[in-house]
Every structure is written in structure tokens, then in C-alpha cells.
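Q: Please take a close look at the contacts between side chains in this model, and describe them in one connected answer.

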Amino acid sequence: MPLSIMNITKSNSSMNIENRLISKKWWCYNRLRYNKGLLIAGFIAFLLYCILGPIIIAPHEEFEETIFEMTFQGGLYLWMIIVANIFYNIGATIDEYFNKNNTQSFRERLFAIGYWFSFSLPILLILSVMVRFLIWGK
């Protein structure tokens, strides 16, 4: 293999490694922002549950939020945060394989889609429970 072709191939592969490092650093840096959003969404969902539960659920069945239930639900939510972080890693992998030009806009859009989906999921879950009770009473 001529020296010039070997140098081009070598520089391309080192560029790919450099792009991967940039991508990994970006995703690691933004993980804290993602997890803060998950905690905020969980808190909002819990507040909605505590506010709307006595209004919507209580007329149909007993509604009471005890310390045990809050601890149990909080533990389950922490497990869901772990699962969400596994999907966060999948987002980084998608960025690595599909962002061929290593563009920041692709990375930011991918992050925004995953962030807002993850943020809205716990809130939508609580709202769907409340709508179910409004419609069917159970």
C-alpha cells in the first residue's frame, strides 16, 4: 500500500476515534442534566398524584398516601431512572453510528427527543390514571 493512501486511512481512523471521544464526552457531560429532568418529572408526577388523587380517585375508592407507599413508589421510580439511563446509553450509541458527520445539531436533537419523552412519561402515566378514573370510575 502506498504511503499516501496509508496516511489517509490512518488519519480517517484517528478522526473516527476523535469523533467518538467528542461524542462520548458530550453524552457524559449531559447525563446530569438528563437525570435532573427525570427527578423533576418524578416530583411533578408525585405532586399531581397527591393533588388529583383525593379529588378524582377518592370518590370511587379509598385513597390514602402512606409513608410506606411513598417509599415503595420512590424506590420503583429509582429503578425506572436506572432503566431510563440504559436508554440514554442507547442514545449515545445511536449518535455514534448514525451521526456520520459528527454534527452537534444531530446530537442535540437526539438528546432533546429522548429527554422530553423521558420527562413526559411519568407525568403522562399519572394523568392517564386520573383520566381512567374520570371515565370508568376505576
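A: What follows covers the salt bridges and then some aromatic pairs.

This is a predicted model, in which local features need pLDDT of at least 70 and side-chain atom pairs count only at pLDDT 80 or more, while totals for chains, interfaces and linings use all residues. Residues are numbered from 1 along each chain as its sequence is written, and side-chain values use heavy atoms, with hydrogens and water left out.

The structure holds two salt bridges, each defined as a side-chain nitrogen of Lys or Arg within 4 Å of a carboxyl oxygen of Asp or Glu. In one of them R107 meets D95 at 2.6 Å, N to O; R107 lies in helix α3 (residues 104-136) and D95 in helix α2, so this contact ties together parts that are 12 residues apart in sequence. Helices here are DSSP runs (H or I, at least four residues), numbered from the N terminus. R107 is buried at 1% relative accessibility, and D95 is buried at 2%, where buried means under 20% relative accessible area, exposed over 50% and partly exposed in between (1.4 Å probe, protein chains only). E96 and R20 form a salt bridge at 3.6 Å, N to O, and since E96 belongs to helix α2 and R20 to helix α1, this pair ties together parts 76 residues apart in sequence. E96 is partly exposed at 30%, as is R20 at 41%.

A search of the whole structure finds 12 aromatic pairs, counted when ring centres of Phe, Tyr and Trp (its six-membered ring) lie within 6.5 Å, with planes under 30 degrees apart stacked, over 60 edge-to-face and the rest tilted. Among them, Y34 and Y88 are tilted, at 4.8 Å centre to centre and 40 degrees between the planes, and both are buried.

Technical notes
Helix = DSSP H or I, 4+ residues; strand = E, 2+ residues; numbered from the N terminus.
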